[in-house]
Amino acid sequence: LQCDGSSGCCAQPPTQGAGKGRSLAILDREMRLYTGRLFKICNFLPLSKNSKIPVEIAPFSGYKGIFLLSILILLLIAVLTAVDQFIKMTVITNLKPIGSVTCIPGLLEFRYLENNGAAFGFFAGLSWLLIILTIGLMAALLVFLFRYKHHTWMSRTSCVLIIAGGIGNLIDRFIFGYVVDYIHVLFFPYVFNFADCCVVVGAILFAVWYLFFKDKKEAADKK
């Protein structure tokens, strides 16, 4: 027993089990705290009203949240750009000397092509115009990506894909004066590359988001 000299009352000291219970409760709260922050950073999963995650961490905002989200987005863009450049260097080293390799007969081949136009060979011979337009588009998307307040995972993903693909092909234009293409689906008349795939998939996602999800998200955020 522990006695309080001023009041003359004695109290039972906290048991070891009670201390462990409080520790587990604190640990559980911390785990839910960081799990909630992770989901909110990525914006992959919505937090339902019945979620056990504490209400005070649901709107993950503030300078720290914005900084972490910005780092994640820039890292994804850098990784996709690096993948594109690695594939192109491999193609230049191994595919350029032989020209083409059949991967799936009648369906897919890898063919080395120097493209001085835009994606799928459009606007051939307008390299400097394409460089200016690409830089302007990338700048506009970056501003939109970091300034727009009603993003979903689809809008962010679309911007990341378009920016990474644009930068990948822009690097080619600055270094070689043309873009290295290598993917040829035989029923499709154009040869393209990984960066083109990123741009096209990103553009489709952006269109779907704009047509079907943009207004709903903005209306939900205003409530």
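Start by selecting helix 4 (residues 153-175) and helix 5 (residues 194-212), and show the side chains where they meet. On the helix 4 side you will find Met-154, Ser-155, Thr-157, Ser-158, Cys-159, Leu-161, Ile-162, Gly-165, Gly-166 and Asn-169. Facing them from helix 5 are Ala-195, Asp-196, Cys-198, Val-199, Val-201, Gly-202, Ala-203, Leu-205, Phe-206, Val-208 and Trp-209. Contact means heavy atoms within 4.5 Å. Colour this contact by class and you get 13 nonpolar, 7 polar and 1 charged residues. Here Ala, Val, Leu, Ile, Met, Phe, Trp, Tyr, Cys and Pro count as nonpolar, Asp, Glu, Lys and Arg as charged, and the others, Gly among them, as polar.

A word on what is on your screen: this is a predicted model, in which local features need pLDDT of at least 70 and side-chain atom pairs count only at pLDDT 80 or more, while totals for chains, interfaces and linings use all residues. Residues are numbered from 1 along each chain as its sequence is written, and side-chain values use heavy atoms, with hydrogens and water left out.

Now look at how the pair is arranged. The axes of helix 4 and helix 5 come within 7 Å and cross at roughly 150 degrees. Axes are lines fitted to C-alpha atoms, for helices over the stretch in contact, and angles run from 0 to 180 degrees between N-to-C directions. The two helices are therefore roughly antiparallel, the word used for angles over 145 degrees. Their crossing is left-handed, that is, the near helix is turned anticlockwise from the far one by less than a right angle.

From helix 3, the contact includes Leu-130, Ile-131, Met-138 and Phe-144, and from helix 4 it includes Arg-156, Ile-163, Leu-170 and Phe-174. By class, this contact has 14 nonpolar, 3 polar and 2 charged residues.

Ala-140 is partly exposed, at 45% relative accessible area. Buried means under 20%, exposed over 50%, and partly exposed in between (1.4 Å probe, protein chains only).

Move on to Gly-177, in the loop between helix 4 and strand 5 (179-185). Gly-177 is partly exposed, with 34% relative accessibility. Leaving aside residues up to four places away in sequence, Gly-177 touches Asn-116, Ser-127 and Asp-172. Its C-alpha is 9.0 Å from that of Asn-115, 62 residues apart along the chain.

Then select Val-179 in strand 5. Is Val-179 buried or exposed? Val-179 is buried, with a relative accessible area of 2%. Again leaving out residues up to four places away in sequence, its contacts are Lys-88, Leu-113, Glu-114, Asn-115, Asn-169, Asp-172, Arg-173 and Asn-193. Lys-88 is 91 residues apart from Val-179 in sequence, with 9.2 Å between their C-alpha atoms.

Finally, zoom out. The protein has 6 helices and 6 strands, in the order β-β-α-α-β-β-α-α-β-β-α-α from the N terminus on. Helices (H or I, at least four residues) and strands (E, at least two) are DSSP runs, numbered from the N terminus. Of the 223 residues, 33% are buried. The protein exposes about 14300 Å², with carbon and sulfur atoms supplying 70% of it; accessible areas come from the Shrake-Rupley method with a 1.4 Å probe, and for residues only the protein chains shown count as cover.

Methods: Angles under 35 degrees count as roughly parallel, over 145 as roughly antiparallel, 65 to 115 as roughly perpendicular and the rest as oblique.
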